[in-house]
Amino acid sequence: MRTKKLVSIIVLVLLLLFAYLTYTTALKNFTLSDKNSSYLGGIKFHRAASGLEEGFQIAQQENKPVMMYFWAIWCQYCAGFQTNTLGNTQVKKILEEDYVLVAMDLDIDREVAQQYAVSYPPYLIFMDPKGNILQRVPGSVDANYLLPIVTKIRDDVRR
Amino acid sequence: MIPLGDILLYAGLAVSVIALVGLISREIKNIELLNKLITPAIIAGAGLLTFSYILLTYYFVYSNFAYDYVWQYSSADLPLIYKISGTWAGQQGTYLLWVWVVYLSAAWLALTTKHVTALARRTQIITLLTGMYLIIITLVQSPFKLIIERPEVVDMIAKGTLPPDFVPEVGNGLNALLVNFWMTVHPPLMFIGYATMTIPFAAAIVYLFTKEDGWEELGRQWARFTWLFLGMGIAVGGVWAYLVLGWGGFWAWDPVETASFIPWLTLTGFMHAASLHRKNKATFSIAAPILAVVSFILVLYAAIVVRAGIFNSVHAFGDSSTGTLLLVFIGVITLVSIILGMRRYFEEPDKQEEDRGFWNKTNIFYVTLLLFVVLAFISFWGISFPAFIQITQGLKVGVASDTKNFFNIWSYPFTIILLLALGFCLNYNEKEKEEQKKTLFIVIGLSIITMFLRTENFYVLDHASPFWAREPALYKMIGNISVISIFPSMIYATWSTIQSLRTYLRIESIKPKIKGTGIAIVHFGVVFILFGAIISSNFTHTIESANIPLDSKGQLVDIGNGYGIKIIDFSTHSLTETKNTPSGAVSISEIYGNPEKYASNNVKISGKVTNVANVQSPPPVTYTTYLKINDGTYTDGLWAATQANSPLEYQAGLELTVEGFLIPNFKSNSTGSPCTAVTPCNLIVFSSPEQITEGTTAPGSYNVQSVRLEVYQDNKKIGSGVAEYLQSKSGSGTFPLVDSSITGTDIYVIFQGLGGGIVPLTLKIIPAVNFAWIGIVLFAIGIILIMAVRTKSKGG
């Protein structure tokens, strides 16, 4: 009986220690601060449904295509997609110069996701300034795949 | 007016009240007035719920879109099986399924025990209370809510844009990811598992309260049943993730799959505790009932995680209104069980049994129970504290730079200890104890030494992953452990299981023989699953973005690292029953897939206009109108062009049907044309204005693109099959090619939908994953063997 009690107490203490340790570690190292878009590969996006409206206004004024990016904080593929694909120097340059970028958090902007029939991240939707869908790119594609798409859509819309 | 389905639920509630009053008045005042009514009332309740579930199924089968839930999760053109599975596609339906099974188990309890014993009556009271609470939750979010009660519909009726008896003609449709065989069985397995946990829980509460004997026997088969269903439900979810989501693995520590795994772990702990408790009532007299209660609480918690939507998960499609009700339920039960558990703990006389030292079976079993609790806690904590931080501080945090790293590093050491305990316990023999201890210490030593072995990349955490560098020092330390360290304990566990199987097989009498064999098989399952999981997740070879041009059909295309892919065929079809092309319209993906078949021929396409360009052309023609038509079967639409004397006024968003001549590789010299010398249009439909009609003959709402392909390694064929991509208005899904070989290695190819004449593929070579599937099958076989043997509990 005594042994059991002792073991139980040790385990309980260790579990509490573990809980405290992981909690503080997460707060210190893994806070996914959203405001500066650091989680979105350092690319500036308009955010949420209001950002989408704003985005279309800018797109119409400047005649630029809109790229809507659906992501989520728990999405393991998104992180790589952001650094390697969206963050690819060529892709990033075109996106930042010639596109209006909008990001949707799948956990928060659920209505938008439902409206555009997006059920998982990462997911890109390219639209003209009027909001017509030009192309859907589901999944974590690589830069070689995305580059011709962003180039073509830019040229299509400019024309 | 209250819908019929809700009336049935209210009636179920009413008869439960009768039964409950009858039971309680008999318990407290020994009034036997309502005695005769108790069993019939409970059976009536079960009948009413059965009827309501059949009613819901009926609405689905006959696509009765007057009901919001039916409209939301079904459409008339779905095959029958998906209409039926639509009943459990959403939150409302799964609650109904859950409460229905709870009532079926209440009816079983009534019929088998006839409420003769106090234990049976009291267990029934708790079961009924649970059932009634769940009926209320079901009523709050009723699957029988009418579509005209939807806020936006109410608005439109008030404005007069919709008639007051509005019934939509078409359903919203089932999410494409759920249109899959595994998804038709996954939710019922899970929720039946949740429901069958009720009786073991109720009996355990009664035992904690009044020390009623026989509680373990009453709940035993139900606990095993739950273990089987919950386990299989989790496994099927894994199969689904593997075959549909294209995760490339079957386990990703997603909050929802993890949430269901937690009660399964504590339930496993309970079954270990119960196996000793039934032999000696004093053993684990508190641990066993507490584990049963905790498992039930965690089942409720899992239901919140699945449906409440506060957790960041791929499943998050819930609504939080009933989450609060479940949370209250959890709060009450937790409080009650803590009070009862404490009372029992202090009441229990401190037994002055002889100190047999640490090394005896009870103690090692106790360590095993604690290990299950520890593993459950790691998972529980890992999915809970980020949600807690988000709610309390409004901050989003991750548990590690890569979510799965957190669970893997913390679970890994305890998995080894669990295997060591398995190896020691399963073959435990009091007489050879000293010998066995020696073996255990050797294995422990080997496990520790092998932790430090260096390999290319076979560690708890993948050192090649971009996440590795971002992990904190402590996580790196554990992540640096070599996974070779799993093998000593794994071999030890296997050897011990073989030994125990041999012992059991030597037993003459048939019942213990079958049961022992079952126990051994389940433990073989553990080894198989761990082996499959660890090897497959560490040695998967991935070649991403193998983009094969469709033109190269029939040729072997090199995709690097010695691998090659040959596309044999591309085709499209509609999943649903409605004819894809009622008036001869061809789906655009079909045209892109087989241009040689349609080029220089007349085709008819139909879809939405996504782009319009009017171009002034040189005389004699004055205007060319380009219309991009998209029918949703192909990421990019198809251009159609027509010429007229004045620009044609077509707006984007209009639905059109265009008939004309399909021309490949078209270039125009006019400025403003989408098809130029630099960017020629691969395919374009040339039509005359008369051949353009408004309205669409839409292709079916579930379109499947399939690629038949062969995979080569060093010019030798290593696999073949079909990879599919399903697109529907409610989302898209991938159905990868999975070709298993006899060595246990899977060739796995994900196809993400044709785009721009390119077939985007991801190739994965996944070794040993089949061991995990075998392990799951062993789990099922083993527990069924154990359940088949009904042994009498001593003194029960």
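Predicted model: local features only at pLDDT ≥ 70, side-chain atom pairs only at ≥ 80, totals over all residues.
How many bridges join strand S14 (residues 746-751) of chain B to strand S15 (residues 758-766) of chain B? Residues are numbered from 1 along each chain as its sequence is written, and chains are lettered from A and ligands numbered from 1 in the order in which they are written.

Let us start with chain A. Chain A holds six helices and five strands; helices (H or I, at least four residues) and strands (E, at least two) are DSSP runs, numbered from the N terminus. In sequence order the pattern of chain A reads α-β-α-β-α-α-β-α-β-β-α. Chain A is more spread out than a compact globule, because its radius of gyration is 21 Å, well over the 15 Å that the globule rule gives for 159 residues. That radius is taken over C-alpha atoms, and the globule rule is 2.2 Å times the number of residues to the power 0.38. The C-alpha trace of chain A spans about 80 × 30 × 25 Å along its principal axes.

The domains of chain A come next. The assignment for chain A gives domain 1 (1-31) and domain 2 (38-158), with bounds that come from an automatic or database domain assignment. The centres of these two domains of chain A, taken over C-alpha atoms, are separated by 42 Å. Of the contacts in chain A with a separation of 6 or more, 74% are between residues 24 or more positions apart; two residues are in contact if their C-beta atoms, placed from the backbone, lie within 7 Å.

Now to the sheet of chain A. Its five strands form an open sheet in the order S1-S3-S2-S4-S5, with mixed pairing. The edge strands are S1 and strand S5 (133-138) of chain A, each of which pairs on one side only. Strands of a sheet pair through backbone hydrogen bonds, either parallel or antiparallel; here, two strands pair if DSSP finds at least two bridges between them. Strand S1 (residues 46-47) of chain A pairs with S3(A) in the parallel sense over two bridges, and A:His46 has A:Val102 as its bridge partner in S3(A). Strand S2 (residues 66-71) of chain A also pairs with S3(A) in the parallel sense, over six bridges, with A:Tyr69 opposite A:Ala103 in S3(A). Strand S4 (residues 123-127) of chain A runs antiparallel to S5(A), joined by five bridges; the partner of A:Met127 in S5(A) is A:Ile133.

Strand S3 (residues 100-105) of chain A is largely enclosed by the rest of the structure, because six of its six residues are buried. A residue is buried if 20 or more other C-beta atoms lie within 10 Å of its own, exposed if 12 or fewer, and partly exposed in between, with C-beta atoms placed from the backbone. In a regular strand the side chains alternate between the two faces of the sheet. In S3(A), A:Val100, A:Val102 and A:Met104 point one way and A:Leu101, A:Ala103 and A:Asp105 the other way, and all are buried. Across chain A, buried residues make up 42% of the 159 residues.

Chain B is divided into domain 1 (1-174), domain 2 (180-274 + 286-350), domain 3 (400-539 + 776-796), domain 4 (541-571 + 702-766) and domain 5 (579-694). Domain 3 and domain 4 of chain B have C-alpha centres 35 Å apart.

Back to the opening question: six bridges join S14(B) to S15(B), and the two strands run antiparallel. B:Asp746 has B:Ile766 as its bridge partner in S15(B). These strands belong to an open sheet of four strands in chain B, with the order S1-S15-S14-S13 and antiparallel pairing. Its edge strands are S1 and strand S13 (737-740) of chain B, each pairing on one side only.

A hairpin is also worth a look. Strand S2 (residues 556-560) and strand S3 (residues 563-574) of chain B run antiparallel, joined by four bridges, and the partner of B:Gly560 in S3(B) is B:Tyr563. Two residues lie between S2(B) and S3(B) in this hairpin, and B:Asn561 in the turn has a positive phi of about 55°.

Finally, the chains meet: 50 residues of chain B are in contact with 43 residues of chain A. On the side of chain B that touches chain A, H14(B) gives the most, with 10 residues.
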